[in-house]
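Please look over the model shown here.

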Amino acid sequence: EQLVSEHTADAAQPANEIVDVIQQEYGSLPFYALFADRIRSISAAGQNPLNRFFENALAGIAAPGVAIVAALAAARRPIPLVVFAARRELKHVTDLATRNVLAIEGTWVVVHDNIRNAVKSAGLDATYSKSVPAILTEAGSSNPAFFLDAISYQFRTKEIPAGLKMLQRHFSAMLDAGHDTDLLTLLNQGLAEHQPSADLIVKKLMILERMGQYQLAAQLAEVFDSTIPQRRTIRREWEYNVARIKYFNDEISVVKRAVEGEFKALLVRLDSLDLQMLFLLGRCYYAQGEQDAAAAVYLLILQSALGKDQSLSIKALHRLAMVEEVCGMHREALATFTRVLETGDRWVTKKRRSYLLYRIGKCQLKLGLVDAAVAANRESIEIKESFNHLRGLVFSFKLQSNILLHQGKCDEALAFAERAHGLASTLNLTKEMVTAGIVCSRVLLASGRPLDADDLIRASGQQAIQLK
């Protein structure tokens, strides 16, 4: 503050000489950060003296060190120290820490936000367009969120083809980690910057479905259907995802007839995409109450996937446990759900974990294990909210209502039932509106409002009839 008062009359418009004085007396980047914190408003006219200070301070650092700072600036979270060890760059990191350019906090490497902003302002992106994504990709092997940072960096530096290639290579890992919103942003950016490809459109369709944007997904499918080539694999992926959209848009009977019509052809190949189509058929049977048929389909998938595809085997066990649950075999279903959950994060994605916890909570409530049900459903809700999985929240809100009703808390139970019904209505999910309506009716009846309960259950019944 003394330097500011001595060298400039206006703290919001520091003279260039003050930058030189700070660099001469202190000579390191943390003082840039502190000075930037002190000077909150800087004129847009002319060169920003703070950026000049930053550039001067970086001048004495070797190129690998500057690339490390640029990577830290591009990442939205600290980078694990082990990443730089794997790249044999610990010497550079230690040197930068000694200069106070960055900090090593436990097993993480961090950089001040003001230095992060200055890196972007200093135009370093183009210079390190290869090194920075390499560092972030290395970090992505332990946390797929770093892939998002790498792709964003490549898009920002106009390395569009490289960014799209990385998006395709690591899409599944980012999807499984629940980065739906960020992925949609990157896909939209990629489609805007590059000629729309079938692969990008299929991926966007998948993301919209996961986010509960079923009407928007249906519109996308209609617009681009004729542009998807008839090449076998990509067309089959497209048709599978379009069928899922139809299922979630309550065209269950349409999907069921279509997959049944292909059943013999699916049995000939039984590759992973065929098994996914069979899963969809099983869902149709399950939704329409044909549990024997659903169980038969899931057992066929399990038999085909065992020893070949652990992920699909886990999914088949999950769906079989759902059949057990709906048939009243709550203890058996709870054991199966728990066993699937315990297979670990390698096979149980974030989304599947949230659904398993919801199902475990349902079984626990039926078995009178109320405290355990509360804990399981709370974690399920937290996971679903973390990646904005709205359809999943409809289910968890219904369960929370049933838990509260069991505890005699009718007002709170009604609030959660109405949240579930309202969200299902917003998403235009008629099937979920029916089930949420049943829960609401039960709570209204317990609250001494039989006429309201009667009206709602009749309306829900009509919707159920329409859906068959």
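## Gln219 and its helix

Gln219 sits in helix α15, which covers residues 214-224. The model is a predicted one. Gln219 is partly exposed, because its relative accessible area of 48% falls between the limits of 20% and 50%.

## Overall make-up

The protein has 468 residues, and 51% of them are buried. Its secondary structure consists of 28 helices and three strands.

Arg210 belongs to helix α14, residues 198-210. Is Arg210 buried or exposed? Arg210 is buried, because its relative accessible area is 11% and the cut-off is under 20%.

Beyond its sequence neighbours up to four places away, Arg210 touches Leu175, Gly178, Asp180, Lys351, Phe387 and His389. Arg210 also has a C-alpha separation of 9.3 Å from Asn388, although 178 residues of sequence lie between the two positions.

Most residues other than glycine have a negative phi. Two residues deserve a look on this point.

Asn388 is not a glycine, yet its phi is positive, at about 55°. Asn388 lies in the loop that runs between α24 (370-386) and α25 (390-406). With a relative accessibility of 36%, Asn388 is partly exposed.

Lys158 is not a glycine either, and its phi is positive at about 65°. The loop that holds Lys158 is the one between α10 (145-156) and α11 (160-169). Lys158 counts as exposed, because its relative accessibility is 56% and the cut-off is over 50%.

## Nonpolar cores

How many residues does the largest nonpolar core have? The count is 60, and Ile79 and Leu167 have the most contacts inside this core. Helix α5 (residues 63-74) gives the largest share of the core, with eight residues. Another core lies apart from it and has 58 residues, among them Val255, Leu320, Ala333 and Leu429.

What does Ile79 contact once its neighbours within four places in sequence are left aside? The list holds Ala71, Leu72, Phe84, Thr107, Trp108, Val109, Ile135, Leu136, Ala139 and Phe146.

## Leu278

Leu278 is part of helix α19, residues 272-287. The residue is buried, because its relative accessibility is 0% and the cut-off is under 20%.

Leu278 touches Phe263, Leu266, Leu270, Val297, Leu300 and Ile301, with residues up to four places away in sequence not counted. The C-alpha atoms of Leu278 and Val297 are 6.8 Å apart, and 19 residues separate the two along the chain.

## The second largest pocket

The second largest pocket has a volume of about 320 Å³. Its lining has 13 residues. Which of them lie nearest the centre? They are Asp176, Ala177, Asp345, Arg346 and Thr349.

Two elements, α12 (171-176) and α23 (350-366), each give two or more residues to the lining of this pocket. Helix α12 supplies the largest share, three residues. By type, the lining of the second largest pocket has five nonpolar, three polar and five charged residues.

## Cysteines

A disulfide is a covalent bond between the sulfur atoms of two cysteines. How many disulfides does a search of the whole structure find? The search finds zero.

Cys327 is partly exposed, because its relative accessible area of 46% lies between 20% and 50%. Cys440 is buried, because its relative accessibility of 4% is under 20%.

Terms used: Residues are numbered from 1 along each chain as its sequence is written. This is a predicted model: local features need pLDDT of at least 70, side-chain atom pairs count only at pLDDT 80 or more; totals for chains, interfaces and linings use all residues. Side-chain values use heavy atoms; hydrogens and water are left out. A disulfide is a pair of cysteine sulfur atoms within 2.5 Å. Buried means under 20% relative accessible area, exposed over 50%, partly exposed in between (1.4 Å probe, protein chains only). On a 1 Å grid over the protein atoms alone, a cavity is a set of points where a 1.4 Å probe fits but cannot get out, and a pocket is an open set with protein on both sides within 12 Å along at least five of seven lines; lining residues have an atom within 4 Å of a point. Grid points are joined across faces, edges and corners, and a volume is the space filled by probe spheres set on the points. Helices (H or I, at least four residues) and strands (E, at least two) are DSSP runs, numbered from the N terminus. Ala, Val, Leu, Ile, Met, Phe, Trp, Tyr, Cys and Pro count as nonpolar, Asp, Glu, Lys and Arg as charged, and the others, Gly among them, as polar. Contact means heavy atoms within 4.5 Å. A nonpolar core is a set of buried Ala, Val, Leu, Ile, Met, Phe, Trp, Tyr and Cys residues joined through side-chain atoms within 4.5 Å.
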